[in-house]
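Please have the viewer open as you read.

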Amino acid sequence: MCGKKFELKIDNVRFVGHPTLLQHPPIIQVSKTDPSPKREMPTMILFNVVFALRANADPSVISCMHNLSRRIAIALQHEERRCQYLTREAKLMLAVQDEITTMTETEGSPQSPFRQILPKCKLARDLKEAYDSLCTTGAVRLHINNWLEVSFCLPHKIHRIGGNHIPPEALESSLKAIRPYHALLLLESEKALLSQLPLDCSPAMVRLIKTCSAVKNLQQLAQDADLALLQIFQIAAHLVYWGKAIIIYPLCENNVYMLSPHANICLYSPLAEQFAQLFPGHDLPSMLAKFSLPVSLAEFRNPLEAPAQEAQLIQMVVWMLQRHLLIQLHTYVCLLVPPSEDEPGLRDEDPPLAARVGGRSLSTPSALSFGSPTSSDDMTLTSPSMDNSSAELLPGGDSPLNKRMTETLLASLSEHERQVILNIPAAQNPEDLRMFARLLHYFRGHHHLEEIMYNENMRRSQLKTLFDKFRSVLVVTNHEDPIISIFQSPME
């Protein structure tokens, strides 16, 4: 059983641990004149740090508790081999327990030994601190024997939606979907974050924290911090996993925000008091009321105001995003061709648009690779384009080559859908038709406007003009980005 996961269920309690064997080094015989202290014969063969959970605990929670038990066990095993730390602490615990047992037999009143053990035993205090941290914040940071650091994060405690925890699988999936056009928003001040880092932390993390800004995307952040984009992704995922940052879209005047449905809008909440102290002359309920309906930051711009007031508005929006009071809405486009009179409904044998246009994949970078290193050559530092796309269309004229490429891209549509699109006045312009055909695979409601802008290296105005020209067959919707929405939910 040693060195493996230990799990035992008794009635409604499940015990989880990691039994560890203590392999003491052979005791060296020294001469009687040797002044160096001799090590005592070991009395402990193995030990196990066990957590008691409910029997119906989630398997992912059980796995996390086993991971923490294993980490503590490795640190204790190291200190036992180095200076017999565990043996010394165990003798202290047993001595106090024997003393309390003797007092109980003499006085007759039962007493608990745990309160007496805590002031005398460093290991007992560490275990109590680990338990208290798991119950409160979910983040554990111990220094075993004031020497070895043990860090652990319980994502179920840190990342929650309402009363339900986010499964680690969903969290990992969202972290893998981070893209270069996303931004990193720190949830604490730079000074506070740097003070929490261990002494031997990576210099790259310090550099990222000092360079991070809500208006920079990850690609710009990599350039400013002089780090590889893959390394930026990994550090960003690490900070998000530990609840120190969230993923957002970089702040700009075109961003659309609205009040989160889970936001605390009480007049006299602690958040309202903090807001009033940070921004004198403003109150949180009035500010949140401005976001009752979706509104872009450009609507708050007043050319007569001083630049300092515009900077303060950005600070207030950042503050509200850090407290999960606002959510950002993105624009999604879906192709919806009206059915013909002869074909009032979609036939069963006709596959949906997503299946007909979604056969090709984007060459977006693999954001993260959990558990295995990834070469930085896999990252795309410039805006990627679609594989086999028509981005190489000749810029001028209505050449036969351009016609064939446009027809090839429209071939995934049905005859009726092609006819309706070609009858749109804008389709008579070869440039507009080619651009529509090139972006066709985005028109299935899975890619928001900013993603299209990044992947195709296009301006927002170009896309909006195209959407307007083909509005008879395009449906525009606004909602959250599902990739990062789990990071913007209120934390308990």
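Does Ala73 count as buried or exposed?

## A residue in helix 1

Ala73 counts as buried because its relative accessibility is 1%; buried means under 20% relative accessible area, exposed over 50% and partly exposed in between, with a 1.4 Å probe and protein chains only. This residue lies in helix 1. Helices (H or I, at least four residues) and strands (E, at least two) are DSSP runs, numbered from the N terminus.

Setting aside neighbours within four places in sequence, Ala73 is in contact with His18, Thr20 and Phe47, where contact means heavy atoms within 4.5 Å.

Now to the strands: an open sheet of 3 strands runs in the order 1-2-5 with antiparallel pairing. Its edge strands, strand 1 (6-10) and strand 5 (51-54), each pair on one side only. Two strands pair if DSSP finds at least two bridges between them.

Strand 1 and strand 2 (residues 13-17) pair in the antiparallel sense over 5 bridges. Here Glu7 stands opposite Val16 in strand 2.

## Helix on sheet

Helix 1 (residues 59-83) packs on the sheet and touches strand 1, strand 2 and strand 5. The helix direction makes about 40° with that of strand 2; axes are lines fitted to C-alpha atoms, for helices over the stretch in contact, and angles run from 0 to 180 degrees between N-to-C directions.

## About the model

This is a predicted model: local features need pLDDT of at least 70, side-chain atom pairs count only at pLDDT 80 or more, and totals for chains, interfaces and linings use all residues. Residues are numbered from 1 along each chain as its sequence is written, and side-chain values use heavy atoms, leaving out hydrogens and water.
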